[in-house]
Amino acid sequence: MFEIRAATQADAASVAAIHVRGWKTTYRGILPDGLLDALRVEDRLPQWLGWIEGPRVHTLVACRGAEPIGFVRLCPARPIADPPPEYAEITHLYVDRQAHGGGVGRALIGRALQIARTEGYRGVLLWVLEENHRARAFYEAAGLRADGTSRTEPAFLGNDAAEVRYALAFAPEPA
């Protein structure tokens, strides 16, 4: 069993560790080995200390006991490739490999979608590496669809790996 709760600053080190482990395992063969091998939790920790909280930011952790095993971060959509107005964005969703297949990811994305609806967003979007077929199938099972928008960020990703944008528009509330 696991529970989902709001992340706090005290969770930043665990979140950073899950994030780094996720990149090193999930993106092997998609991104350059040198980039992945150089990732360190100590380098991600200051970023996560700033990313966990903020205006309209929701970072949630799934915990087994006291130990985080996954997390999701939802915030207003960043101005990348003209996002639809009034959309939220899932910027991060990672689950430790040993917890894959246990419903953690589904619970985290479900909670993020629920928060976005409750806060009045018109939909949600996210970016995923085009070659990350497992994640793409996961997002499609959650109702998101590729919307035809893609980008590359060689300075950040270390190569020309393409990211595709996925979106889910919420149905309007009945009048």
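Buried here means under 20% relative accessible area, exposed means over 50%, and partly exposed lies in between, with a 1.4 Å probe and protein chains only. With that in hand, welcome to the tour.

This is a predicted model, in which local features need pLDDT of at least 70, side-chain atom pairs count only at pLDDT 80 or more, and totals for chains, interfaces and linings use all residues. Residues are numbered from 1 along each chain as its sequence is written, and side-chain values use heavy atoms, with hydrogens and water left out.

**The whole chain**

The protein chain holds six helices and seven strands, where helices (H or I, at least four residues) and strands (E, at least two) are DSSP runs numbered from the N terminus. Their order along the sequence is β-α-α-α-β-β-β-α-β-α-β-α-β. Its radius of gyration, taken over C-alpha atoms, is 16 Å, which agrees with the value near 16 Å for a compact globule of 175 residues (the globule rule is 2.2 Å times the number of residues to the power 0.38). Of those 175 residues, 45% are buried. Contact means heavy atoms within 4.5 Å; among contacts with a separation of 6 or more, 65% join residues 24 or more positions apart.

Which residues of helix H5 (residues 133-141) are buried? They are Ala 135, Arg 136 and Tyr 139. These residues sit on the same side of H5 because they cover an arc of only 100° around the axis, the arc being that of the directions from the helix axis to the C-beta atoms. On the face turned away from the buried side, H5 carries the exposed residues His 133, Arg 134 and Ala 141. Just after H5, Gly 143 takes a positive phi of about 105°.

| Element | Residues |
|---|---|
| Strand E4 | 87-95 |
| Helix H4 | 104-118 |
| Strand E5 | 123-129 |
| Strand E6 | 145-152 |
| Strand E7 | 162-169 |

**A stop at Ala 146**

Ala 146 is found in strand E6. Is Ala 146 buried, partly exposed or exposed? Ala 146 is partly exposed, with a relative accessible area of 42%. Leaving out residues up to four places away in sequence, Ala 146 touches Arg 136, Arg 165 and Tyr 166. Arg 136 is also one of the buried residues of H5. Ile 80 is 66 residues from Ala 146 along the chain, and their C-alpha atoms are separated by 15 Å.
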